[in-house]
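Take a look at the model below. The report then goes through its pockets, a helix, a sheet and some aromatic rings.

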Amino acid sequence: MEFTVQQIADLLQGKVDGDNTVKVSTLAKIEEAQKGALAFLSNLKYESFLYSTEASAVIVASNLELKKPVSATLIRVNDPYSSFSTLLQYYQTALIASKTGVEDPCFIGQGSQIGENHYRGAFSYIGANCKIGDNVRIFPQVYIGDNVTIGDNTTIFAGVKLYTNTVVGSNCTIHSGAVLGSDGFGWAPQADGTYKAVPQIGNVVLEDDISIGANTTIDCATMGSTIIRQGTKIDNLVQIAHNVEVGAHTVVASQSGISGSSKVGNYCVIAGQVGIVGHITIADKTTVGAQSGVSKSVKEQGTIIQGSPAFDYKQNLRAMTVFRKLPELQRELEMLKERV
């Protein structure tokens, strides 16, 4: 795809500084860009590359003052990073939208309905009585069980598995290998030391504008629904257990796990490798630092915690400072004991 600088500036609501007829056909880092590429500069640490880059155009801040002449045409915007992200999203959407039609072989079950302008990749399977909206992209080897609902403009990448009764909203993206609706980890201990399976008869519900990363698993509820609220973004390799509720516009980073029946609030940040025990509540706007273990409810909004067990972030830093000094403190204690 090829665009003029002016077309891109119009999309980003920016202003062109230079030749607005210059054409670009690819995106690149400012330090690696070649002729025909569009780059961006948001971190002034990389400003030196602006004067040497071979990019045809560069997105920069509207208030950037040039120290030297530049060969590239500039697109001046309020926030270069956000604007470049918008452009990347537009580019990705255009690539996905180019996928249309039905490849052979694929299967759709009795009573299922699918909207206009959809794409179904080879070896995809859609069960019975499903309702799938307009502009949905279903890539090869996707499995969609019976009675699944999928909203408009949702993309499901190769190898995703949606179990029976799963509900996926509009404008969602589910990346390869994700599994939604598999059984929750429910086992009842018996008197003889064995375990009896507790049937998991609920489902998974994703609201609108949600992204699910590759190889993430979200278990169905024992009864009712495991729910991911609107706008939430979940990274690769995340485990969300049965009956969990994750609030709106929360982000969960890779290798984190949320145990059964816990409720995570809105606008939370869960960093990588965090473990959250079951049956607790995390208040809105909570931030949990990487590799933390959350063992009790967080009741106050805006709390920042870290550690295992997790507690106040600043207190944790002070505690870790003392922890690193323990060998030295032990030696001093031993010396004092000898003097006494």
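The lining of the second largest pocket divides into 10 nonpolar residues, 3 polar residues and no charged ones. This is a predicted model. The second largest pocket has a volume of about 200 Å³. It is lined by 13 residues, and F3, I8, L87, Y90 and Y91 are the closest to its centre. Three elements, α1 (5-12), β4 (26-27) and α2, each supply at least two residues of this lining.

Now turn to the largest pocket. About 620 Å³ of space lies in it. Its lining counts 21 residues, and the closest to the centre are Q89, Q92, T93, I96 and T173. Helix α2 (residues 80-97) gives the most to this lining, with 7 residues. By class, the lining of the largest pocket has 6 nonpolar, 12 polar and 3 charged residues.

| Pocket | Volume | Lining classes |
|---|---|---|
| Largest pocket | about 620 Å³ | 6 nonpolar, 12 polar, 3 charged residues |
| Second largest pocket | about 200 Å³ | 10 nonpolar, 3 polar, no charged residues |

**Helix α1**

Which residues of α1 are buried? They are V5, I8, A9 and L12. These residues cover an arc of only 100° around the axis, so they sit on the same side of α1. I8 also belongs to the residues closest to the centre of the second largest pocket. After α1 comes Q13, whose phi is positive, near 55°.

**The open sheet**

Strands of a sheet pair through backbone hydrogen bonds, either parallel or antiparallel. Here, an open sheet of 9 strands shows parallel pairing. Its order is β10-β13-β16-β19-β24-β27-β30-β33-β36.

Look at the β36 end. Strand β33 (residues 263-264) and β36 run parallel and are joined by 2 bridges. K263 has T281 in β36 as its bridge partner.

**Aromatic rings**

A pair of aromatic rings is described by the distance of the centres and the angle of the planes. How many aromatic pairs does the structure hold? It holds 9. In one of them, the ring centres of Y125 and Y143 are 5.4 Å apart and the planes lie at 15°, so this pair is stacked. The cut-off for stacked is planes under 30 degrees apart. The pair also links distant parts of the chain. Y125 is in strand β12 (residues 125-126) and Y143 is in strand β15 (residues 143-144), 18 residues apart.

Are these two tyrosines buried or partly exposed? Y125 has 34% relative accessibility, so it counts as partly exposed. Y143 has 33%, so it counts as partly exposed too.

F185 and W187 form another aromatic pair, with 6.5 Å from centre to centre and 65° between the planes. This pair is edge-to-face, a label for planes over 60 degrees apart. F185 has 71% relative accessibility, so it counts as exposed. W187 has a relative accessible area of 46%, so it is partly exposed. The limit for exposed is over 50%.

Rings can also group together. F40, Y81 and F84 form one aromatic cluster.

Terms used
Residues numbered from 1 in each chain as written. Predicted model: local features only at pLDDT ≥ 70, side-chain atom pairs only at ≥ 80, totals over all residues. Heavy atoms only, no water. Phe/Tyr/Trp six-rings, centres within 6.5 Å; stacked < 30°, edge-to-face > 60°. Helix = DSSP H or I, 4+ residues; strand = E, 2+ residues; numbered from the N terminus. Buried < 20%, exposed > 50% of the residue type's maximum accessible area, 1.4 Å probe, protein only. 1 Å grid on protein atoms, 1.4 Å probe; cavity = no way out; pocket = protein on both sides within 12 Å on 5 of 7 lines; lining within 4 Å. Points joined across faces, edges and corners; volume = space filled by probe spheres on them. Nonpolar A, V, L, I, M, F, W, Y, C, P; charged D, E, K, R; others polar. Pairing = 2+ DSSP bridges. Arc of directions from axis to C-beta.
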